[in-house]
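Below is a short note for a colleague who has not seen this structure before. Please read the points with the model open.

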Amino acid sequence: MKLECSKVCLLNCSPVGTELMKNLVLGGIGSFTLVDKGDVDSCDLGKNFLLTPADLKEGKAKAIASRLNELNPSVAGSFVDEDPVEIIANNSEFFRGFSVVIATQIPLQTVVVLDDICRKEDIVLMVIRSRGFNATMRVSLDEHVVIDPKPEVVAYDLRLSQPWPELWEFARQFDLDSMDDTSLRRVPFVVLLLHAVRDWKVGHGGDPPKGLKDHDEFKCILNAMRRTHDEENFAEALDAVRHIWKPKSMPRHIQRILDDDALDLTQSSPDFWFKISGLVTFLKQNGGAMPLDGNIPDMTCTTDAYITLQRIYRDKAELDAELVREHVQAALKRAGRNEDAITIDDVRSFCKNASQVRVLRWRTFSAEATWQKGCGAELSRHLATNETQLHAAIYVIFRAVDIFLERHGRQPGVCSETDHFDAVQDVVKLKAIADGLLSEIGMSVRVGVLDDLAEEAVRCGGSELHTVASMMGGIGAQEIIKIVTQQYVPCARTLVYDAVKSTIVSLL
């Protein structure tokens, strides 16, 4: 639903921007607006697959908007035949109302201004650029919360190290000694583990197993309960013994969230931080144990036993969610907000994913442009590391091209109406700018790969390759969908792509 309501603005209908927008339109965004002052020329036909010879001399934004509308008629599309740079400089109100702004082939100096506009309006900004065989991409916004990161490996919280009364009562209903072999094979492994813990405590003064040092001995008790030694449920129990001594600790990223300054709540604080406040109180009152999510894995057992066990876990999860909501309501009241501003459904969904939530923040483009907040030191480290040196050098060249454009009014390797170019001199100028950037971040060691990249930057003359645009357009669309839907974890750094080696590295 969030994706269907999103309003996306594309600045410059470059090949990479068009590819990215095509993917978003097919994905089902709500609407889009294309901003480009240029007309379609013969060069565009060779690098932008949405354009045809019939579009020559037509407005580029108009022609591409028409093609995008054909791909998905349910997405509302519009275009503006104006220069994006002029809009950024003179009409910041234009961006109000957009969910996402995608800036392509726009120099860093202009991006700094756009970033400030988008942050004030709480708009997601994506800056993506492509030159020759290389490309960069970065997102910028103040804060992004990932509610459902959808981890590849699901970590079930069975809470067997701190079982609650209803779970114990369920386990006691199974008299394992009196069962026949067939019935024993159909006992849930959760029950087997709890019975094994009970037997362990008898021989260890009432103390439960205490981690890996008791691992082998506990497994011996579990194996002694078997009869034919080929029972699948016992095999599942042996694979899950870690749940018996799993500590009631929280993940490190959750601890960082709980220590965040944003927990100094005000009336204007986002709902997310009121939920976190409720979680903090819940943890204090429950010995540090996270709210139960209520999920259990598949297991070998009878259908009735599984359904009953599933209900026990879900009832416990519902009880935890209700407790968290009470604390959330108290926090809302203290901040002067309506206690019912956050519904039980919202809290229930939050608790289900509480151990997985993420909070991401991006440094501003202004800080990046002036090498603040550790940006320069981090780039120096990447330039001094063999594995990341090439991609860090590509980033430096992209920065150098921006400065070259600002000084000479044209891209290196491209002549303008007032300034003809000499390829050799352009390479020399670009290298000098790159060396100056290295000096700004305190690097005195020469980075040899910059020479080759400077020559390549002049040779390509600012051209874009469709294959590179297609690759980055796919990645960019995925990142935007992650952010808009608050599902999966987006990249909080600058991605640098090298098509020659088919590698991509995240920097800064």
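**Aromatic contacts and a helix**

1. Seven aromatic pairs are present in the structure; rings of Phe, Tyr and Trp (its six-membered ring) pair if their centres lie within 6.5 Å, and planes under 30 degrees apart count as stacked, over 60 as edge-to-face and the rest as tilted. Phe272 and Trp273 make an edge-to-face pair, 5.1 Å centre to centre with 80° between the planes. Phe272 also pairs edge-to-face with Phe350, at 6.3 Å and 80°. Phe272 belongs to helix α12 (residues 271–285) and Phe350 to helix α14 (residues 344–352), so this pair ties together parts that are 78 residues apart in sequence. Helices are DSSP runs (H or I, at least four residues), numbered from the N terminus.

2. The model is predicted: local features need pLDDT of at least 70, side-chain atom pairs count only at pLDDT 80 or more, and totals for chains, interfaces and linings use all residues. Residues are numbered from 1 along each chain as its sequence is written, and side-chain values use heavy atoms, with hydrogens and water left out.

3. Phe94, Phe95 and Phe98 form one aromatic cluster.

4. Two arginines sit over rings (CZ of Arg within 6 Å of the ring centre and within 35 degrees of the ring normal). Arg138 lies over the face of Phe365, 3.9 Å from the ring centre. The charged end of Arg399 is placed over the ring of Trp371, at 4.1 Å from its centre.

5. Helix α17 (residues 386–408) contains 23 residues. Just after α17, Gly409 has a positive phi of about 70°.

Key. Helix = DSSP H or I, 4+ residues; strand = E, 2+ residues; numbered from the N terminus. Expected span 1.5 Å × (residues − 1).
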